[in-house]
Amino acid sequence: MTGTDIMSRDLKQFREETQVPVVACLMDVGAGGAYYLASHTDTIIAHPTSIVGGIGVILNVYNLEDTLGQFNIASEPIKAGGQIDIASPERAMEKGERATLQKIADSFHARFIEHIKSVRPDSASQQENFEGGILTGAEALQNALVD
């Protein structure tokens, strides 16, 4: 998300400095971060067969503790800071850690939604646009996510 956010900031700065209209063309997939970046342009074009949307956030976390055990690999972390290994793949996630990561994901998602609603107000009335689902380019046009 951070990389896309930085590119979006740079794109916004470019548009402001040059006054050059910027068009995003979503070819195969324009979902998640790709759609977020595209939403910082003046116009978004998608092919009817493009995949568009994915206005959601996912933090991929894996628990490989049992898998490592099958290979007789034991984790022996040396750490300073009680939460520094949050979401470590070497152990099961604790309840408080899950809540922390969920709060982060919810915060990023709310920021994504707020941005899309501000730049594509006609899409705001359709809550399903913001549930992380994907649409074809033709459906995205009907849902005011592309031009």
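View 1. Glutamine 19 is exposed, at a relative accessible area of 63% (exposed is over 50% relative accessible area, buried under 20%, partly exposed in between, with a 1.4 Å probe and protein chains only). The model is predicted, so local features need pLDDT of at least 70 and side-chain atom pairs count only at pLDDT 80 or more, while totals for chains, interfaces and linings use all residues. Residues are numbered from 1 along each chain as its sequence is written, and side-chain values use heavy atoms, with hydrogens and water left out. Glutamine 19 sits in the loop between helix H1 (2-18) and strand E1 (23-26); helices (H or I, at least four residues) and strands (E, at least two) are DSSP runs, numbered from the N terminus. The phi of glutamine 19 is near 60°, a positive value in a residue other than glycine. Most residues other than glycine have a negative phi.

**View 2. Alanine 87, another residue with positive phi.** Alanine 87 is not a glycine, yet its phi is positive, about 65°. Its place is the loop between helix H3 (65-70) and helix H4 (95-119). With a relative accessible area of 21%, alanine 87 is partly exposed.

**View 3. Strand E1 and its pairing with E3.** E1 and strand E3 (residues 43-46) run parallel and are joined by four bridges; two strands pair if DSSP finds at least two bridges between them. Opposite leucine 26 stands alanine 46 of E3.

**View 4. The largest nonpolar core.** This core has 16 residues, and those with the most contacts inside it are Leu26, Tyr35, Ile55, Ile116 and Leu145. E1, helix H2 (33-38) and H4 are the elements that give two or more residues to the core. A nonpolar core is a set of buried Ala, Val, Leu, Ile, Met, Phe, Trp, Tyr and Cys residues joined through side-chain atoms within 4.5 Å. Neighbours within four places in sequence aside, tyrosine 35 is in contact with Leu26, Gly30, Ile44, Val52, Gly53, Ile55, Phe112, Ile116, Arg120 and Leu145, contact meaning heavy atoms within 4.5 Å.

View 5. Met1, Leu59, Val61, Ile104 and Phe108 make a nonpolar surface patch of about 370 Å². Patches are made of residues with over 30% relative accessible area and no salt bridge; like charges are joined within 9 Å, and nonpolar side chains (Val, Leu, Ile, Met, Phe, Trp, Tyr) within 5 Å. Accessible areas come from the Shrake-Rupley method with a 1.4 Å probe; for residues, only the protein chains shown count as cover. Leucine 59 belongs to the loop between strand E4 (51-53) and H3.

**View 6. Salt bridges around aspartate 85.** The structure holds seven salt bridges, each a side-chain nitrogen of Lys or Arg within 4 Å of a carboxyl oxygen of Asp or Glu. Lys79, Asp85, Arg91 and Glu97 are linked in a network of such bridges. Aspartate 85 meets lysine 79 at 3.0 Å, N to O. It also forms a salt bridge with arginine 91, where the closest N and O atoms are 3.1 Å apart. Aspartate 85 counts as buried at 15% relative accessibility, while lysine 79 is partly exposed at 43%. Arginine 91 is buried as well.

**View 7. The salt bridge of arginine 120 and aspartate 147.** The side chains of aspartate 147 and arginine 120 meet in a salt bridge of 2.7 Å, N to O. Aspartate 147 lies in the segment after helix H5 (137-142) and arginine 120 in the loop between H4 and strand E5 (134-136), so the pair ties together parts that are 27 residues apart in sequence. Arginine 120 is buried, with a relative accessible area of 11%.

View 8. Apart from neighbours within four places in sequence, asparagine 143 is in contact with Ser123, Gln126, Glu128, Asn129 and Leu135. Alanine 144 is found in the segment after H5 and is buried, with a relative accessible area of 17%. With neighbours within four places in sequence left aside, alanine 144 is in contact with Arg120, Asp122 and Ser123.
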